[in-house]
Amino acid sequence: GGAVLALFVMAALLLIWVLDRPHLEVPVVSFTVGVFTPLLWRIANSWVVMEQCKASYIMFGTLIIWLPGAQLIYGVHELRLGAVTNGATRLTKGLVNAILISIFLTFGWQFLGRNWETEATFEGERTNL
């Protein structure tokens, strides 16, 4: 599942590159992962019985490159060394990236991850969203 999802992410990155919009990388990739993860889970579930919570392994394995851990660590490190402007800027950028990932991942998941009308997952169970 993760390899197939990576193909969709690469297609989204190619589209961003062709349109010359590098500032849209994090939202578009997060949205793409959110849209295609439930679809790939459903296909995999038709072959092998798999709980829906296992889809998170596919999702977060693909998104790990965009997680802002290094930005947050270097931001705190620079603050500790006295570079307040650089440290605060890195921390702010890391937090904004984390927020963008969570928002667009959730938006993407809503398209194929649950039914809008019944608030049920593909398995027919109510969601907590």
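Is serine 30 buried or exposed? Serine 30 is buried, at a relative accessible area of 1%, where buried means under 20%, exposed over 50% and partly exposed in between, with a 1.4 Å probe and protein chains only. The model is predicted, so local features need pLDDT of at least 70 and side-chain atom pairs count only at pLDDT 80 or more, while totals for chains, interfaces and linings use all residues. Residues are numbered from 1 along each chain as its sequence is written, and side-chain values use heavy atoms, with hydrogens and water left out.

**Buried positions**

- Serine 30 is found in helix α2; helices are DSSP runs of H or I with at least four residues, numbered from the N terminus.
- A polar atom of the serine 30 side chain lies 2.8 Å from the backbone oxygen of valine 26.
- Leaving aside neighbours within four places in sequence, serine 30 is in contact (heavy atoms within 4.5 Å) with Leu63, Leu100, Ile101, Phe104 and Leu105.
- Leucine 5 lies in helix α1 and is buried, with a relative accessible area of 0%.
- With neighbours within four places in sequence again left out, the contacts of leucine 5 include Thr32, Val33, Phe36, Ile58 and Met59.
- The C-alpha atoms of leucine 5 and methionine 59 are 8.2 Å apart, although the two are 54 residues apart in sequence.

**Salt bridge**

- The structure holds one salt bridge, a term for a side-chain nitrogen of Lys or Arg within 4 Å of a carboxyl oxygen of Asp or Glu.
- Glutamate 78 and arginine 90 form a salt bridge, with their closest N and O atoms 3.0 Å apart.
- Glutamate 78 lies in helix α4 (residues 69-81) and arginine 90 in helix α5 (residues 84-112), so the pair ties together parts that are twelve residues apart in sequence.
- Glutamate 78 is buried at 17% relative accessible area, whereas arginine 90 is partly exposed at 37%.

**Aromatic pairs**

- There are two aromatic pairs in the structure; rings of Phe, Tyr and Trp (its six-membered ring) pair if their centres lie within 6.5 Å, and planes under 30 degrees apart count as stacked, over 60 as edge-to-face and the rest as tilted.
- Phenylalanine 8 and phenylalanine 36 are stacked, because their ring centres are 3.9 Å apart and their planes are at 5°.
- Phenylalanine 8 is in helix α1 and phenylalanine 36 in helix α2, so this pair ties together parts that are 28 residues apart in sequence.
- Phenylalanine 104 and phenylalanine 107 have ring centres 6.0 Å apart and planes at 85°, so the pair is edge-to-face.
- Phenylalanine 104 and phenylalanine 107 are three residues apart in helix α5, a separation of about one helical turn.

**Surface**

- A nonpolar patch on the surface has about 980 Å² of accessible area in total, and its members include Phe31, Trp47, Ile103 and Phe107.
- Patches are made of residues with over 30% relative accessible area and no salt bridge; like charges are joined within 9 Å and nonpolar side chains (Val, Leu, Ile, Met, Phe, Trp, Tyr) within 5 Å.
- Accessible areas come from the Shrake-Rupley method with a 1.4 Å probe, and for residues only the protein chains shown count as cover.
- Helix α5 gives the most to the nonpolar patch, with five residues.
- Tryptophan 47 lies in helix α2 and is exposed at 72% relative accessibility.

**Loop**

- Aspartate 20 lies in the loop between α1 (2-19) and α2 (25-47) and is exposed, with a relative accessible area of 57%.
- Phi of aspartate 20 is near 55°, a positive value in a residue other than glycine.
- Most residues other than glycine have a negative phi.

Definitions and conventions: Helices (H or I, at least four residues) and strands (E, at least two) are DSSP runs, numbered from the N terminus. A polar contact is a pair of N or O atoms within 3.5 Å; within protein, one must be able to donate a hydrogen and the other to accept it, and residues adjacent in sequence count only if both atoms are side-chain atoms.
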